[in-house]
Structure formats: C-alpha cells, structure tokens
Amino acid sequence: MERNRRWVVLAVCCVSIFVVGLDTTAVNVALPAVGRDLGLDVRQLEWAVDAYTMVVAALLISSGALADRVGRRRVFRAGLVLFAIGSVGCAMAPGLGTLVAARVVQGVGGSMLSPVALAIVVGVITEPRERAQAIGIWAAVFGLSMAAGPVLGGVLISGGGWRPVFWANLPIIAVVLVLTAVYVPESRAPRPRRLDLPGQGLLIVLVGAVVAVLIEGPRVGFGSGWALLGYAVITVTAVAFGRVESRRGEPLMEMGLFRRLPFAAAVGGAVVMFVALNVTLLLGTLYLQRVRGLSPIAAGAVTLPMALAATVCAPLSGRLVGRLGPRLPLRLAGASTVLGGLLLIGLSDRTSMAVLLAAYLCAGAGIGFANAPITNTAVSGLPPERAGVAGGIASTARQVGAALGIALAGGLVADAAPAGLAVASRPGWILVAGCGALVLLIAQTAPASRVAAAARTPEPVGR
C-alpha cells in the first residue's frame with residue numbers, strides 16, 4: 001500500500017477514535033443539564049456514564065479477537081453503525097432507563113472501534129519507526145478527544161441543550177463509513193483465536209460488580225448486606241476468571257502476559273491515568289457548574305488548557321517514544337499529573353481561576369504524554385499476529401480506569417450540597433496526585449531508550 005493511502009487509513013481510524021473519546025468526556029459537561037432535564041441525581045448520572053464505559057471495557061478484547069477472525073473492516077463498520085444507533089437513542093431518551101440502555105448500545109459499538117482501529121493501523125503501517133509515529137498520532141488523537149470533549153460539549157449544550165451532544169456524532173460517523181468503504185482494506189489475523197465466551201461472561205460480571213459497588217456503596221453503606229454480597233461476587237468471579245483463563249488454550253486474556261513487567265506496568269499505567277483523567281473531569285464539571293455557577297460553555301472553556309496541553313504534548317510524546325523510548329514521556333506524564341492534583345487539594349469556592357487553569361493544563365499534559373508510551377509498550381509486548389487483542393487489552397485498561405474514576409469521584413460528592421462540594425472533592429484531588437505518583441514508579445519499569453526497547457524481544461507467552 002502506497003504511503004499516502006496508509007496515512008489516509010490512519011486518518012480514518014483516528015476520526016473514529018476521536019468520536020468515541022469525545023463522546024465519553026463531552027457527556028461529563030452535559031451531566032448537570034441531563035440531571036435537570038430528566039430529574040436525576042449524581043448517582044443516577046454516574047450510571048449514565050458508566051453504562052457506556054463498563055460495556056466498552058468488558059467487550060473490547062472480544063471485539064478485537066472477533067475482528068481478527070471475521071475481518072477488521074467488517075467489525076469496524078458494524079461498530080460505527082451501532083454507535084450511531086446508540087447515539088440516536090441517547091438523543092431521544094425520555095428518562096434514565098432509555099438513556100442507560102442507549103449508552104449500552106453505544107458501548108457495544110465503541111468496543112468494536114478502538115482496538116480494531118489500532119489493529120488496522122498496525123496492519124497497514126509496518127515499518128517500526130513509522131509505526132511508532134503512527135501509534136503516537138493515534139494515541140494523541142484519543143487523548144485530545146478526551147480532553148477536548150468538555151469544551152466542544154459545552155458549545156453544543158449552550159446552543160441547544162444536552163441532546164445535540166449525541167446528535168453531533170451522526171454526520172461524522174456517516175463520513176467515516178464512506179471513507180472506510182473506499183480506503184480501508186479488509187484484514188484478518190493469520191491465526192485468529194476462538195472467542196472465549198466463558199471468560200467474556202465472567203469479565204462482564206466482574207467489571208459490572210466492581211463499578212456497582214463503588215457507585216452504590218455510599219448509598220447502601222460499604223458494610224451493608226448488599227455491599228458484602230457485592231464483595232463476594234467480585235471475589236468469586238475474579239478467582240473463577242483466573243482459573244478459567246489459565247486452563248483455556250485460547251483465553252480471552254492471556255494471563256502469562258502479565259508476568260512480563262513492562263506489559264503489566266503499561267496496562268496498570270493506562271488504568272491509573274484514566275482514573276486521574278475521569279476524576280478530574282467529573283469533579284471539575286460539577287464544581288464549575290454547581291459551585292461556581294458557570295454555564296456549560298464557560299465551564300468547558302475553563303478546561304481549554306487541558307485540551308491545548310494534550311494537543312501539544314501528545315505528538316511530542318510520540319516523537320519522544322520513537323527517538324528515546326517510553327521512560328521520559330512517562331516521567332513527564334506522572335510529574336504533570338501529580339502537580340495537577342496537588343494544585344487542587346485545597347479547593348474551595350474561592351479558589352483562583354488561575355489555579356484552576358494551571359491544574360487543567362497539568363492534567364492535559366499528563367494524559368498527552370502518557371498515551372503514546374503506554375500504547376506503544378502494550379502493543380509491542382504482544383505477538384504481532386494478536387494485533388486486535390493487543391489493542392483490546394490496552395483499550396480495556398483505559399476504559400476500566402475511566403469507569404473506576406467516574407465511580408470513585410461520584411461516590412465522593414454524590415450526597416454533597418453545592419456549598420460543601422468543593423471540600424467533599426478534596427480526597428479526589430489527592431487521588432489524582434497519587435495516580436501521578438504511581439505513573440512515576442511505573443516509568444522505572446519502561447526501557448530507558450529506544451535502543452533498549454528494540455532490544456527487548458518478545459518473551460514466550462505462557463498460559
């Protein structure tokens with residue numbers, strides 16, 4: 001495939017990922033408007049967000065494996081159609097039940113886009129240095145979409161309420177569908193794996209149970225009978241998942257991969273970075289609109305430094321990974337995230353706008369620097385023929401982090417009145433700083449240079 005066509009394919013995949021990431025975070029700035037219109041409290045709004053992220057997290061790996069088997073372009077197009085159907089359902093939702101159901105449909109579609117798009121990119125761009133740059137661009141677009149969501153969401157909401165946030169997906173998806181038919185080649189893995197239905201079912205239960213306990217725990221009590229039942233379900237399901245996966249010839253998740261420290265660290269880094277990002281987005285949105293009384297567009301504008309920093313730092317991170325290896329950009333990501341959290345630990349209703357802007361700038365730099373090294377390390381750590389599954393594991397980690405971040409942040413402020421919300425959110429900013437500190441530790445496990453990374457040959461994947 002000629003060079004220009006390869007980069008067109010990259011652009012098509014990046015646009016699809018931009019829509020997925022944009023929708024994920026634009027919904028955050030829409031939450032107060034959704035709550036007022038549909039009569040929902042913070043805990044119910046958490047379900048509207050996490051219904052999407054839970055489904056995406058649970059299905060990503062299977063979607064990648066399915067694409068490797070039946071065709072990546074075919075699954076990619078099906079994902080676009082489902083995402084569009086879910087967007088229509090969200091835009092027309094009359095209440096919480098319909099909204100959550102439509103978000104689930106969106107999640108099914110979204111699970112078919114992220115890992116499959118990455119697999120398509122990896123499949124058509126094979127030269128190592130060029131591939132590293134392409135992965136950096138892909139990760140940059142995803143990080144940018146997550147950071148830009150609040151800004152664009154605020155513009156849409158101010159123009160016509162919260163429903164245009166979902167209607168806006170449709171023309172973009174229509175264009176991507178046409179370009180996919182024209183430019184994206186069909187591809188499959190040489191030796192696709194079978195779908196692991198028992199493992200998939202257990203993963204759905206495990207992710208759902210963890211998020212449910214975090215969301216509902218503050219309401220029912222973390223020591224209540226319902227919470228104890230939730231802990232039991234989580235424990236039994238986790239043990240069963242480990243046993244089932246260790247005994248299958250073609251498991252949903254190859255547990256032996258996690259014995260390789262760089263791979264395990266990359267997955268862990270993806271989780272903690274997206275916990276930090278989503279805690280920042282949810283707490284910031286509620287604070288700016290409920291405590292400071294800003295309009296959605298004004299609240300989105302306050303987050304603009306985050307989008308700008310992600311835009312600048314993400315491609316820079318991709319170049320640093322290609323030239324120097326992943327350690328330096330991971331250190332920059334961790335340090336930026338720590339600083340962003342520390343700036344808001346003393347948050348009050350009178351905190352200077354300059355401090356808020358600086359904190360968002362640091363958050364954007366953190367996510368911008370983190371995505372490329374995490375994605376590159378995770379994909380490079382897997383056998384080439386498992387490109388779909390490679391993208392699935394990396395993306396699953398992000399979505400698990402997003403779901404956990406929303407649940408943890410919502411639990412802190414679900415019962416807080418506007419007057420006490422700033423103080424109630426302070427543990428969340430400590431959590432953000434702690435996530436950054438973990439990324440600094442994870443950076444120590446990454447190769448110190450591009451030469452060292454290239455010399456790290458894949459180890460046998462054990463079961």
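A crossing is left-handed if the near helix is turned anticlockwise from the far one by less than a right angle, and right-handed if clockwise. The legends below describe close-up views of a predicted model.

**View 1. Helix H2 packs against helix H9 in a right-handed crossing.** The axes of H2, which spans residues 42-70, and H9, which spans residues 197-220, come within 9 Å and cross at roughly 160°. Since angles over 145 degrees count as roughly antiparallel, this crossing makes H2 roughly antiparallel to H9. On the H2 side the residues that meet H9 include Arg43, Glu46, Trp47, Asp50 and Met54, while among those that H9 brings to the contact are Leu203, Ile204, Val207, Gly208 and Val211. Sorted by class, the contact of H2 with H9 has 12 nonpolar, 3 polar and 5 charged residues.

**View 2. Gln200 is a buried residue of helix H9.** The relative accessible area of Gln200 is 8%, and because buried means under 20% on this scale, Gln200 is classed as buried. When its neighbours within four places in sequence are left aside, Gln200 is in contact with Ala58, Leu59, Ser62 and Leu252. Of these partners, Ala58, Leu59 and Ser62 are also listed among the residues of H2 that meet H9, a contact in which Gln200 itself takes part.

**View 3. Helix H9 also packs against helix H10, and this crossing is left-handed.** The axes of H9 and H10, the latter covering residues 225-247, are 9 Å apart and pack at an angle of about 155°, and the two helices are therefore roughly antiparallel to each other. The residues of H9 that make this contact include Pro198, Gly199, Leu202, Leu203 and Val205, and those of H10 include Gly230, Tyr231, Val233, Ile234 and Phe241. The residues of the contact of H9 with H10 divide into 15 nonpolar, 3 polar and 1 charged.

**View 4. Helix H3 runs alongside helix H8 in a left-handed crossing.** The axes of H3 and H8 come within 10 Å and cross at roughly 165°, which makes H3 roughly antiparallel to H8. Among the residues of H3 in this contact are Arg73, Phe76, Leu80 and Phe83, and H8 contributes residues including Asn169, Ile173, Val176 and Leu177. By class, the contact of H3 with H8 has 11 nonpolar, 3 polar and 2 charged residues.

**View 5. Val176 is a buried residue of helix H8.** Val176 belongs to H8, the helix of residues 169-183, and is buried, with a relative accessible area of 3%. The C-alpha atom of Val176 is separated by 37 Å from that of Gly428, a residue 252 residues apart from Val176 along the chain.

**View 6. The count of aromatic pairs comes to 2.** The rings of Tyr52 and Phe83 have their centres 6.3 Å apart and their planes at 80°, so this pair is edge-to-face. Because Tyr52 lies in helix H2 and Phe83 in helix H3 (residues 72-91), the pair ties together parts that are 31 residues apart in sequence. Both Tyr52 and Phe83 are buried. Trp162 and Phe166 form an aromatic pair that is edge-to-face, with 6.2 Å from centre to centre and 90° between the planes, and Trp162 and Phe166 are both buried.

Key
Residues are numbered from 1 along each chain as its sequence is written. This is a predicted model: local features need pLDDT of at least 70, side-chain atom pairs count only at pLDDT 80 or more; totals for chains, interfaces and linings use all residues. Side-chain values use heavy atoms; hydrogens and water are left out. Axes are lines fitted to C-alpha atoms, for helices over the stretch in contact, and angles run from 0 to 180 degrees between N-to-C directions. Helices (H or I, at least four residues) and strands (E, at least two) are DSSP runs, numbered from the N terminus. Angles under 35 degrees count as roughly parallel, over 145 as roughly antiparallel, 65 to 115 as roughly perpendicular and the rest as oblique. Contact means heavy atoms within 4.5 Å. Ala, Val, Leu, Ile, Met, Phe, Trp, Tyr, Cys and Pro count as nonpolar, Asp, Glu, Lys and Arg as charged, and the others, Gly among them, as polar. Rings of Phe, Tyr and Trp (its six-membered ring) pair if their centres lie within 6.5 Å; planes under 30 degrees apart count as stacked, over 60 as edge-to-face and the rest as tilted. Buried means under 20% relative accessible area, exposed over 50%, partly exposed in between (1.4 Å probe, protein chains only).
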